[in-house]
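My entries follow in the order I looked things up.

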Amino acid sequence: MRSYYTRHLIPLAAMLAAFGAPMAASPAAAQGDLLVAPTRVILDGRRGTEVILSNIGSEEATYRIGLELRRMNDEGALIPVERENANELEQAALSMIRYAPRRITLPPGQPQAVRIGARPDAELPDGEYRVHMSFNAIPRPRPVTEEAAAAEGIQIRLTPIYGVTIPIIVRHGRLEAQIAIENPRVEMGADGAKLMLGLSRTGESSTYGELRVTRPGEATPVYLVRGIAVYSEVGNRTVEFKLTPEQADALKGPLRFEYREMPENGGEVIAAVDTVLG
């Protein structure tokens with residue numbers, strides 16, 4: 001754990017502190033003084049893994065860890081699902097995931113591992129099972145100040161609660177997925193240009209990767225977006241990205257759109273299409 005923290009989390013924490021915002025699709029997710037890595041867990045057997053939670057703030061902090069259900073819609077949004085409305089796959093996922101601890105108090109700058117594993121039933125059907133693990137900061141109690149006591153009328157203090165949520169995916173059996181890229185285009189709207197396309201998925205498994213747009217004969221992408229998921233409950237997902245004027249100009253002429261696995265997972269091409277945009 002110390003080795004992973006030293007090699008990955010300390011440099012990332014320093015970078016986040018320097019820029020004041022998390023990077024999209026980074027190997028860690030940060031919110032407030034909370035840093036979590038990795039941001040995605042896949043379990044394909046009984047062997048477990050660990051997620052590292054770090055307090056990158058300047059005060060001691062306490063975090064609560066739990067499991068949630070979320071479903072992706074056709075626009076890629078993750079919609080919360082109450083447990084009483086869980087389907088069979090979601091109920092099975094909740095019952096098989098094991099994790100500890102469920103509450104952590106950390107001094108400033110300290111990490112701790114959360115152990116995660118899965119215990120599928122022997123009769124569990126082949127399929128992909130998913131829950132979302134939440135890491136939420138518990139607000140510190142604040143003393144009532146003399147100033148507040150002297151104030152007149154009713155006072156309401158709003159305390160923000162921040163947190164990070166990552167998917168925990170269990171793949172059981174031989175699963176496959178096929179993806180097709182459909183109708184990539186640039187459209188102009190009231191708030192500027194957008195790149196829009198569809199991702200059509202079939203099979204039992206979700207996919208996760210990056211969208212690379214290149215010109216013929218060139219390896220360097222003119223446009224790149226990382227961390228695009230198409231979960232197994234979605235057959236067709238629409239994705240759209242706001243473009244700067246410079247990006248919109250770059251997306252003209254003959255182009256190749258590729259949806260690839262993330263580089264750290266091998267970077268294999270999942271789907272590709274050649275087109276010409278005007």
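**Whole chain**

I began with the surface: the accessible surface of the protein chain is about 15,900 Å², and 50% of it belongs to carbon and sulfur atoms. I took accessible areas from the Shrake-Rupley method with a 1.4 Å probe; for residues, only the protein chains shown count as cover.

The model is predicted, so I note its limits: local features need pLDDT of at least 70, side-chain atom pairs count only at pLDDT 80 or more, and totals for chains, interfaces and linings use all residues. Residues are numbered from 1 along each chain as its sequence is written, and side-chain values use heavy atoms, with hydrogens and water left out.

I found four helices and 18 strands in the protein chain. Helices (H or I, at least four residues) and strands (E, at least two) are DSSP runs, numbered from the N terminus. The chain has 278 residues, and 39% of them count as buried. Buried means under 20% relative accessible area, exposed over 50%, and partly exposed in between (1.4 Å probe, protein chains only).

I then looked at contacts, meaning heavy atoms within 4.5 Å. Among those between residues at least 6 apart in sequence, 66% join residues at least 24 apart.

Which residues of helix α2 are buried? In this helix (residues 88-96), I listed E90, A92, A93, L94 and M96. These buried residues pack against β5 (61-72), β6 (78-81), β7 (97-100), β9 (111-118), β10 and β11 (163-172). At the start of α2, a side-chain oxygen of N87 comes within 3.1 Å of the backbone nitrogen of L89.

I moved on to V131, which sits in strand β10 (residues 127-138). V131 counts as buried because its relative accessibility is 0%. Leaving out residues up to four places away in sequence, V131 touches L67, E68, L69, A93, L94, I97, I166, P167 and I168. Two of the α2 buried residues, A93 and L94, are in that list. I also checked V131 against T165: they are 34 residues apart along the chain, with C-alpha atoms separated by 10.0 Å.

**Partners of β11**

I checked pairing next; two strands pair if DSSP finds at least two bridges between them. β10 and β11 pair in the antiparallel sense over 10 bridges. Here E128 stands opposite R171 in β11. Strand β3 (residues 41-43) pairs with β11 in the parallel sense over three bridges. There, the bridge partner of V41 in β11 is I168. I168 is also among the residues that V131 touches.

**Two polar side chains**

For polar contacts I used pairs of N or O atoms within 3.5 Å; within protein, one must be able to donate a hydrogen and the other to accept it, and residues adjacent in sequence count only if both atoms are side-chain atoms.

S200 is in strand β13 (residues 192-203). Is S200 buried or exposed? I noted S200 as buried, because its relative accessible area is 16%. The side chains of S200 and N236 are joined by a polar contact of 3.2 Å. Beyond four places in sequence, S200 touches Q178, I179, A180, E182, G235 and N236.

D33 lies in the loop between β1 (29-31) and β2 (34-37). D33 counts as buried at 16% relative accessibility. Its side chain has a polar contact of 3.2 Å with the side chain of Y63. Again leaving out residues up to four places away, D33 touches S54, N55, I56, G57, A61, Y63 and Y162.

**Rings**

Rings of Phe, Tyr and Trp (its six-membered ring) pair if their centres lie within 6.5 Å; planes under 30 degrees apart count as stacked, over 60 as edge-to-face and the rest as tilted. I counted one aromatic pair by this rule. The rings of Y223 and F241 have centres 6.4 Å apart and planes at 50°, so the pair is tilted. Y223 is in strand β15 (residues 223-230) and F241 in strand β16 (residues 236-242), 18 residues apart. Both Y223 and F241 are buried.

A charge sits over a ring if NZ of Lys or CZ of Arg is within 6 Å of the ring centre and within 35 degrees of the ring normal. The charged end of R102 sits over the ring of Y99, 4.1 Å from its centre. The charged end of R130 sits over the ring of Y231, 3.9 Å from its centre.
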